[in-house]
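Here is a short briefing on one protein model. Look at the structure first, then work through the points below.

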Amino acid sequence: MILLEFHNRIIEEALTSRWEDFNEFPEDKIVPICMNAADFDGTLYRLSNPEGDESSIIVSISLSWFHELEAHGARAFLSGVYGALVTDAEDGFDFSLRVSVPQLTPEVIRSVAMLRRNCFAAVFEKFFTLQKEGKSEAPAVFHYKDDETFYLNVLKDRVTVVFSTRFKDDDDIIIGKVFMQAFADVRAKNPSAPQVLFAPRDPPAEIRDLDALVGDNVGHVSFVLFPRHIADDKKDLTINLIHTFRDYLHYHIKCSKAYLHQRMRARTASLLKVLNRARPQEKKEKKTAQGRAFKRT
């Protein structure tokens with residue numbers, strides 16, 4: 001299985017190319033930039049030069065559910081992560097960073113490219129800290145897409161994450177079941193892995209009374225994270241993996257369907273070749289040396 005990247009490749013390559021050009025040709029003019037990009041879940045980015053200053057780049061992000069993150073301290077968390085890079089948000093965007101091309105480093109570039117990941121991390125970090133401190137918090141539902149949600153709840157011994165995702169086709173739910181069974185098989189071999197549950201249509205008990213997504217073509221994937229999964233040396237990897245899970249699931253469902261279609265087309269082509277070889281040949285009329293036709297009796 002392929003793990004999706006945790007950062008935005010477009011942002012990373014755009015910043016890296018200008019930083020490398022500056023280091024190689026410091027006397028040349030930095031190439032200006034005005035670029036819009038999007039991520040799998042509808043996250044929008046904009047890279048531009050402020051007031052015609054090519055040596056500075058503003059990176060802005062727009063999330064339709066950023067106001068829900070703000071209620072859990074996302075803006076303060078991002079300010080703590082990016083420090084002096086934080087600037088006033090551009091019109092139409094929720095959060096902006098301003099970087100200086102001459103002062104860029106590979107670490108800063110990767111951090112800026114992980115802006116979306118850090119937006120997710122704000123709320124996960126909060127709930128992980130609450131669990132470590134033995135505190136409680138009301139369950140939260142985040143509408144991170146127009147028709148999809150994820151749920152977070154903290155208990156004394158665990159943090160529960162439930163993704164409610166909509167499948168466009170009935171076949172996707174069947175493939176999703178097979179895909180999720182692989183997670184259960186892994187946990188049978190490795191008991192320290194997080195518990196993963198898949199509930200098609202019927203939501204888990206934790207979210208039945210909350211504003212979570214329900215419906216016939218809705219699947220609910222639950223992760224049960226124990227203290228060993230959110231320890232200081234594991235929490236970053238946990239956040240990296242879990243915040244991309246929805247895109248990871250749908251990506252592999254689409255890949256599975258593409259693979260099945262490819263095999264079916266190959267099988268159909270093979271059967272057509274067999275049928276063509278089995279087609280009876282037409283009998284040719286035989287003639288004598290004088291050109292008269294005759295039939296054997």
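Rings of Phe, Tyr and Trp (its six-membered ring) pair if their centres lie within 6.5 Å; planes under 30 degrees apart count as stacked, over 60 as edge-to-face and the rest as tilted. The model is predicted: local features need pLDDT of at least 70, side-chain atom pairs count only at pLDDT 80 or more, and totals for chains, interfaces and linings use all residues. Residues are numbered from 1 along each chain as its sequence is written, and side-chain values use heavy atoms, with hydrogens and water left out.

**Aromatic rings**
- The count comes to 17 aromatic pairs.
- The rings of Phe-163 and Phe-223 have centres 6.3 Å apart and planes at 85 degrees, so this pair is edge-to-face.
- Phe-163 is in strand S8 and Phe-223 in strand S10, so the pair ties together parts 60 residues apart in sequence. (Strands are DSSP runs of E, at least two residues; helices are runs of H or I, at least four; both are numbered from the N terminus.)
- Ring pairs link a cluster whose members include Trp-65, Phe-163, Phe-223, Phe-245 and Tyr-248.

**Helix H4**
- Ile-109, Val-112 and Ala-113 are buried in helix H4 (residues 106-113).
- They sit on the same side of H4, because they cover an arc of only 100 degrees around the axis, taken from the directions from the helix axis to the C-beta atoms.

Definitions and conventions
Buried means under 20% relative accessible area, exposed over 50%, partly exposed in between (1.4 Å probe, protein chains only).
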